[in-house]
Amino acid sequence: MLNDRSSALSLLQTRRSAKPRDLIGPGPSAQEMRLILEIASRTPDHGQLFPWRFILVADDQRDSLGALLRQALVESDPCAMIARHEKEDQFAHYAGQLVVLVSAPVPDHKIPVWEQELSCGAAAMNLLLGAEALGYVGGWVTGWRAYSERVRSAFCEPGERIAGFIFIGQPGRELEERPREPKSPIVKSWTPPAP
């Protein structure tokens, strides 16, 4: 069973994201979102800089998001077919709550930007875990949208960038396990260098 909530350990052992396009509503309530965001913010954050922000996109803002994405697509790919524009509008209207995660590192700080970016990634993982602990599923995606200057400037201040679009909702279909790497290629013991 994926996303088994019978214990914290079971959830961690069976955690699985969903594809945002497969989500259905409803997403979390306002109270549940406050809890999910509180959980997300309890992440390793060397220096207590909070080098990330969560931007909630409301349901009544999805048409505006779709217009933004289509406009950005024209700049990114002027020859994009109508079907690609329709796909962007569908993306903007995926079910559930949309959270745009912004990496907002504090420049010229003793905490390296790399560590601040790692903290942002940890915040995203905690966001997913918080949603899954409440019985929702989430999907974290980037794609060309996260790297478009027009889209970035709609969500970010100078020096910030989009770390991902995270949709939180109900699974519209049964989650399927994906292949997992055996531990041997991704885990190894350290061998000290020769003196």
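Here is a friendly conversation about a predicted model and the terms used to describe it.

Visitor: What should I know before we start?

Guide: This is a predicted model, in which local features need pLDDT of at least 70 and side-chain atom pairs count only at pLDDT 80 or more, while totals for chains, interfaces and linings use all residues. Residues are numbered from 1 along each chain as its sequence is written, and side-chain values use heavy atoms, with hydrogens and water left out.

Visitor: Why is S103 called buried?

Guide: Buried means under 20% relative accessible area, exposed means over 50%, and partly exposed is in between (1.4 Å probe, protein chains only). S103 has 6% relative accessibility, so it counts as buried.

Visitor: Where is S103, and what does it touch?

Guide: S103 belongs to strand β3, residues 97–103. Helices (H or I, at least four residues) and strands (E, at least two) are DSSP runs, numbered from the N terminus. Contact means heavy atoms within 4.5 Å. Not counting residues up to four places away in sequence, S103 touches P51, E117, C120, E160, R161 and A163.

Visitor: What makes R150 and E75 a salt bridge?

Guide: The term asks for a side-chain nitrogen of Lys or Arg within 4 Å of a carboxyl oxygen of Asp or Glu. In R150 and E75 the closest N and O atoms are 2.5 Å apart, and the two form a salt bridge. This pair links distant parts of the chain, with R150 in helix α7 (residues 149–155) and E75 in helix α3 (residues 62–76), 75 residues apart. R150 is partly exposed because its relative accessible area is 31%, and E75 counts as partly exposed at 46%.

Visitor: How many salt bridges are there in the whole structure?

Guide: A search finds eleven. One of them joins R173 to D22, with the closest N and O atoms 3.5 Å apart. R173 sits in the loop between β5 (161–171) and α8 (183–186), and D22 in the loop between α1 (8–14) and β1 (23–24), 151 residues apart.

Visitor: What makes D22, R173 and E176 one network?

Guide: R173 also forms a salt bridge with E176, where the closest N and O atoms are 3.4 Å apart. Salt bridges that share partners join D22, R173 and E176 into one network. With 43% relative accessibility, R173 counts as partly exposed; D22, at 21%, is partly exposed too.

Visitor: How do you know that the buried residues of α4 are on the same side?

Guide: In helix α4 (residues 82–92), the buried residues are H85, E88, F91 and A92. They cover an arc of only 115° around the axis, which puts them on the same side of α4. That arc is the one made by the directions from the helix axis to the C-beta atoms. These buried residues pack against α3, β4 (137–141), α6 (144–147) and β5. The face turned away from the buried side carries the exposed residues I82, A83 and Q90.

Visitor: What makes a group of residues a nonpolar core?

Guide: It is a set of buried Ala, Val, Leu, Ile, Met, Phe, Trp, Tyr and Cys residues joined through side-chain atoms within 4.5 Å. The largest one here has 25 residues, and L65, V100, V151, F155, I162 and F165 have the most contacts inside it. Its largest share, five residues, comes from α3. Apart from it lies another core of 17 residues, among them L37, C120, A124 and Y136.

Visitor: Why is the pair of Y94 and F167 called edge-to-face?

Guide: Rings of Phe, Tyr and Trp (its six-membered ring) pair if their centres lie within 6.5 Å; planes under 30 degrees apart count as stacked, over 60 as edge-to-face and the rest as tilted. The structure holds six aromatic pairs. For Y94 and F167 the centres are 5.3 Å apart and the planes at 65°, so the pair is edge-to-face. Y94 lies in the loop between α4 and β3 and F167 in strand β5, so the pair ties together parts 73 residues apart in sequence. Both Y94 and F167 are buried. Ring pairs also link F91, Y94, F165 and F167 into a cluster.
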